[in-house]
Amino acid sequence: MTTQPFFKTWDETHSALWGHQPIRLSHELHKRPLFSMDTLAALIERYPREHYSLIQTGGRRSKRLWREGEIGNLRGHQVIEAISRGELWLNLRNVGLVDRRYHEVIGEMFAEVAERVPGFDIRDHQEGILLSSPETQVYYHSDMPGQGLIQIAGRKRVYVYPNTAPFVRPQHIEDIALYDVEVDMPYESWYDAHAKVFDIGPGDMLSWELNAPHRVENLNTFNISMTVSFTNQEIRRSEVVSIANGLLRRRFGYEPKTRNLSGPTFFAKAMLEKALRNSRWIKRERKARRSIDFTLDAADPGKVVELPKAA
């Protein structure tokens, strides 16, 4: 591990606001060899299929589009070229599991956060790498664990919204926990008046409150970013309750009355979640919402080839 500090600047305001408000921090991660194009191309070529998501999405001025595909037999640099030309983004999920070096560097980051934020503690953390086309977007959504966004290359505009109703409701978090699809949340254009907006580039990092909805617009450049997420006991218990309440609401038609993270109702829901979190019903619903529709076109970078519909 490097002995260089992860953050270039950090003051007492960052310590006070971490986890309570969106904040911008500075880093130098983008200068490390782990994020060279050759290193990323080699990583793409050996990336397990079950750990990536390739998304075709509408541009900033296009109609809404959200389809999932696969890389096919393209080499790493071909994939990067395709993404730089098309309305696509590639999410290398859980990259620290595939290449331990990325997990270690984010471990360095969280160690610094723990030194500077009283009471900050994490049970586990994960990291992903996002490669995305100019002018593409990630639609309004929320995430289950604590989140941060680290910009490596390119520029993007990030809208972060309050983590309260009407912007996010318990039912939205339940659906994310159950179906593992974050971008089905309802969104209204007037929400933007209540967002904090950040234009970020290489060397910037954003952090925000747990479950705070956000959306992202790439500007006119190819983008490389790193997403980081973390859990602790409270976040894990919140996820358990969300899955259990979602099962009660969607599967059994019962309206949950509480989101208690302790006591008898919590432990009853924890038993329900443990028993049914891998049930056929959940697996079937997740599969239906994550169909694979296309593959990249090797002959025409940036274009896609439609896959036959499953019978």
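Arg249 is found in helix α7, where helices (H or I, at least four residues) and strands (E, at least two) are DSSP runs numbered from the N terminus. The model is predicted, so that local features need pLDDT of at least 70 and side-chain atom pairs count only at pLDDT 80 or more, whereas totals for chains, interfaces and linings use all residues. Residues are numbered from 1 along each chain as its sequence is written, and side-chain values use heavy atoms, with hydrogens and water left out.

Arg249 counts as buried because its relative accessibility is 15%; the classes are buried under 20% relative accessible area, exposed over 50% and partly exposed in between, with a 1.4 Å probe and protein chains only. The side chain of Arg249 makes a polar contact of 2.7 Å with the side chain of Glu174. A polar contact is a pair of N or O atoms within 3.5 Å; within protein, one must be able to donate a hydrogen and the other to accept it, and residues adjacent in sequence count only if both atoms are side-chain atoms. With residues up to four places away in sequence not counted, Arg249 touches Gln171, Glu174, Tyr254, Glu255 and Pro256, contact being heavy atoms within 4.5 Å.

Helix α7 also holds Ala244, which counts as buried at 0% relative accessibility. Leaving aside neighbours within four places in sequence, Ala244 is in contact with Lys269, Leu272 and Glu273. Between Ala244 and Lys274, which are 30 residues apart along the chain, the C-alpha separation is 8.9 Å.

Cavities and pockets were located on a 1 Å grid over the protein atoms alone. A cavity is a set of points where a 1.4 Å probe fits but cannot get out, and a pocket is an open set with protein on both sides within 12 Å along at least five of seven lines; lining residues have an atom within 4 Å of a point. Grid points are joined across faces, edges and corners, and a volume is the space filled by probe spheres set on the points. By this rule there is one cavity of 30 Å³ or more. The largest cavity contains about 40 Å³ of space, and its lining consists of Met144, Ile173, Leu210, Asn211, Ile235, Ser238 and Glu239. Helix α7 (residues 233-251) gives the largest share of this lining, three residues.

The second largest pocket has a volume of about 440 Å³. It is lined by 18 residues, of which Gly19, Phe120, Phe230, Asn232 and Ile235 are the closest to its centre. At least two residues of the lining of this pocket come from each of β8 (146-153) and α7.

Two further buried helix residues were examined. Val105 lies in helix α5 (residues 100-116) and counts as buried at 2% relative accessibility. Not counting residues up to four places away in sequence, Val105 touches Phe6, Leu29 and Arg32. Phe120 is 15 residues from Val105 in sequence and 18 Å away in space, C-alpha to C-alpha. His14 is placed in helix α1 (residues 12-17) and counts as buried at 12% relative accessibility. A polar atom of the His14 side chain lies 3.1 Å from the backbone nitrogen of Asp11. Apart from neighbours within four places in sequence, His14 is in contact with Thr9, Ile23, Arg24 and Leu25.

Strand β3 (residues 52-57) is mostly covered, with six of its six residues buried. In a regular strand the side chains alternate between the two faces of the sheet. In β3, Tyr52, Leu54 and Gln56 point one way and Ser53, Ile55 and Thr57 the other way, and all are buried. Two strands pair if DSSP finds at least two bridges between them. The pairing of β3 with strand β5 (residues 88-92) is antiparallel over five bridges, and the bridge partner of Ser53 in β5 is Asn91. The pairing of β3 with strand β4 (residues 66-70) is antiparallel over four bridges, and Thr57 has Trp66 as its bridge partner in β4.

Four strands form an open sheet in the order β7-β12-β9-β10, with antiparallel pairing. One side of β7 (137-141) and of β10 (196-200) is left without a neighbour in the sheet, because each stands at an edge with a single partner strand. From one strand to the next the twist averages 15°, where axes are lines fitted to C-alpha atoms, for helices over the stretch in contact, and angles run from 0 to 180 degrees between N-to-C directions. Strand β9 (residues 156-160) pairs with β10 in the antiparallel sense over five bridges, and Tyr159 stands opposite Val197 in β10.
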